[in-house]
Amino acid sequence: MAVGDGRKRLADYGLHSERVLMPGKVGKFEQEMSADELEPRLGLTTLAKAVAWSQTKSMWPATFGLACCAIEMMSIVSARYDIARFGMEAFRSSPRQSDLLIVSGRVSQKMAAPLRQIYDQMLEPKWVIAMGVCASSGGMFNNYAVVQSVDKIVPVDIYVPFCPPRPEALMEGIVRLHEAVLAGVPPAYEIREVAP
């Protein structure tokens, strides 16, 4: 292969095929690469991947603190945990401006209707994180006054365990949510609609 041939169009290298021949450095042989290896080198992406990436970098959480877990949720915006590096420092008080609902703490029966109303007012796509044991399963409050799991009211994407969960645990849940969005996993409300 001549040195000048390395500037051919990508179609000449069979970009549409499974394996692509890319020119190596001058004096070396051509190397065979898969399309997955080629994409980051050339900066290629699909529209769906670009939209998913932008959604993870601009999730705005809604403030919905109900109990002691809310104190831990508030601390993730501090300089120590710095949720701003994920583009999520803007906690919104209006559900119409947020796309992530972090339910932190126990949900009483009286709060079930306002929680559902806030969730319904959020624009799609929307995600929910159940933070803490009380939001996930009722926790130590096994009685008629507390909803035994928030997923009976709203579909939940990520469950963060512990009582109360440390800010690091919530950050891990947020990172897992970002990984799911980047992988193309649909939000929980779409999965629930499909399920029988």
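1. Strand β4 (residues 100–104) and strand β5 (residues 127–131) run parallel and are joined by five bridges. Strands here are DSSP runs of E with at least two residues, helices are runs of H or I with at least four, and both are numbered from the N terminus. Val103 stands opposite Ala130 in β5.

2. The model is a predicted one, in which local features need pLDDT of at least 70 and side-chain atom pairs count only at pLDDT 80 or more, while totals for chains, interfaces and linings use all residues. Residues are numbered from 1 along each chain as its sequence is written, and side-chain values use heavy atoms, leaving out hydrogens and water.

3. The open sheet has four strands in the order β3-β4-β5-β6, with parallel pairing; two strands pair if DSSP finds at least two bridges between them. At the edges lie β3 (61–62) and β6 (158–160), each of which pairs on one side only.

4. Helix α6 packs on this sheet and touches β4, β5 and β6, where contact means heavy atoms within 4.5 Å. The direction of α6 makes about 155 degrees with that of β5. Axes are lines fitted to C-alpha atoms, for helices over the stretch in contact, and angles between N-to-C directions run from 0 to 180 degrees.

5. How do the axes of helix α2 and helix α6 cross? The axes of α2 (residues 47–56) and α6 (residues 167–182) come within 9 Å and cross at roughly 165 degrees. The two helices are therefore roughly antiparallel (an angle over 145 degrees). Ala52, Trp53, Gln55 and Thr56 of α2 make the contact with His178, Val181 and Leu182 of α6.

Definitions and conventions
Angles under 35 degrees count as roughly parallel, over 145 as roughly antiparallel, 65 to 115 as roughly perpendicular and the rest as oblique.
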